[in-house]
Amino acid sequence: MGEESTSNDFAHEQGLTKEQVAERYCKWAQNSKYERDLREENYKGPVIAANAVADLFPNAAQKSSINILDAAAGSGFAAEKLKEKGFSMMDALEPSKGMLTLAKEKDLYQRTFQAFLDGKQLPIESDYYDVVLICGGMGEGHIPCAGMEECIRMTKPGGYVVIVMREQYLSSVAEYKDRLEPHMKELTQKGKWEPVSRTVVPRYSFNNNGVVFVFKVKGSS
Ligand SMILES: C[S@@+](CC[C@H](N)C(=O)[O-])C[C@H]1O[C@@H](n2cnc3c(N)ncnc32)[C@H](O)[C@@H]1O
């Protein structure tokens, strides 16, 4: 794994504030190093995410009218794969200026928001997106459990929240251990969303398994 895994550790170091995490990604984005380190042979998250979203909308004609928020968009890897699948209406939410600059250069997004998904209300419409996607945005110092409610708020009733993350983080990240899945379950019990699937996938990044959560939103109020 060598240098690539070192870069991932650098962005996932314990004890960083969210601002420091975003700053680390700015450094990683420099000279497109992030894009080289996490090229498709090493990081399959974006392909896995695009496949998961495409499976929800099998009708080809439908895809061009599906409105997607790519949350923790990074340099736009997931949007590139979604575009290949026929999706074209995408916005990006990304706190790291350096990553967002790379994403903007690709001309994939209608709107971009430089902001954290951290539980506070974002300047984004309620009940707006058919899909809110988080691909690779979960991790040490990354999106907290409290971000789930905001994903639900921005998603139309009947729309989906799709979360693709490294499986190991469910137990190795203190914010998620014994908290993230119970929180997801609590949101189900409160009638906010219903689980559609929970799928463990091999070789999500390097040799690490991933997990893909799909939820169907019922309503934010
Ligand atoms: C591993 S990258 C994934 C980027 C892209 N989705 C991909 O799959 O290539 C993780 C991204 O999450 C962003 N991030 C970290 N904390 C976040 C937060 N609280 N809210 C939104 N994005 C966050 C980082 O800035 C970084 O761009």
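Predicted model: local features only at pLDDT ≥ 70, side-chain atom pairs only at ≥ 80, totals over all residues.
Reader: Let's start with the ligand. How many residues surround the ligand, and which are the closest?
Author: There are 19 residues around the ligand, and the closest are Tyr 34, Tyr 43, Ala 72, Glu 94 and Cys 135.

Reader: What's that shell like by class?
Author: By class, the shell has 13 nonpolar residues, five polar ones and one charged one.

Reader: Which residue has a polar backbone atom 2.8 Å from a ligand nitrogen?
Author: That's Leu 117.

Reader: How much of the ligand's accessible area does the protein cover?
Author: On its own the ligand has 600 Å² of accessible area, and the protein covers 98% of that.

Reader: Where does the ligand sit, then?
Author: In the largest cavity.

Reader: Switching to the fold. In what order do the strands of the sheet run?
Author: The sheet is open, with seven strands in the order S3-S2-S1-S4-S5-S7-S6, and the pairing is mixed.

Reader: Which strands stand at the edges?
Author: S3 (112-113) and S6 (193-205); each has a single partner strand, so one side of each has no neighbour in the sheet.

Reader: How do S1 and S2 pair?
Author: Strand S1 (residues 67-71) pairs with strand S2 (residues 89-93) in the parallel sense, over five bridges.

Reader: Which residue in S2 is the bridge partner of Leu 69?
Author: Asp 91.

Conventions. Residues numbered from 1 in each chain as written. Heavy atoms only, no water. Near = heavy atom within 4 Å. Polar contact = N/O pair within 3.5 Å; in protein donor to acceptor, adjacent residues only side chain to side chain. Areas by Shrake-Rupley, 256 points an atom, 1.4 Å probe, with all protein chains shown as cover. 1 Å grid on protein atoms, 1.4 Å probe; cavity = no way out; pocket = protein on both sides within 12 Å on 5 of 7 lines; lining within 4 Å. Sits in = over half its atoms within 2 Å of the grid points. Nonpolar A, V, L, I, M, F, W, Y, C, P; charged D, E, K, R; others polar. Pairing = 2+ DSSP bridges. Helix = DSSP H or I, 4+ residues; strand = E, 2+ residues; numbered from the N terminus.
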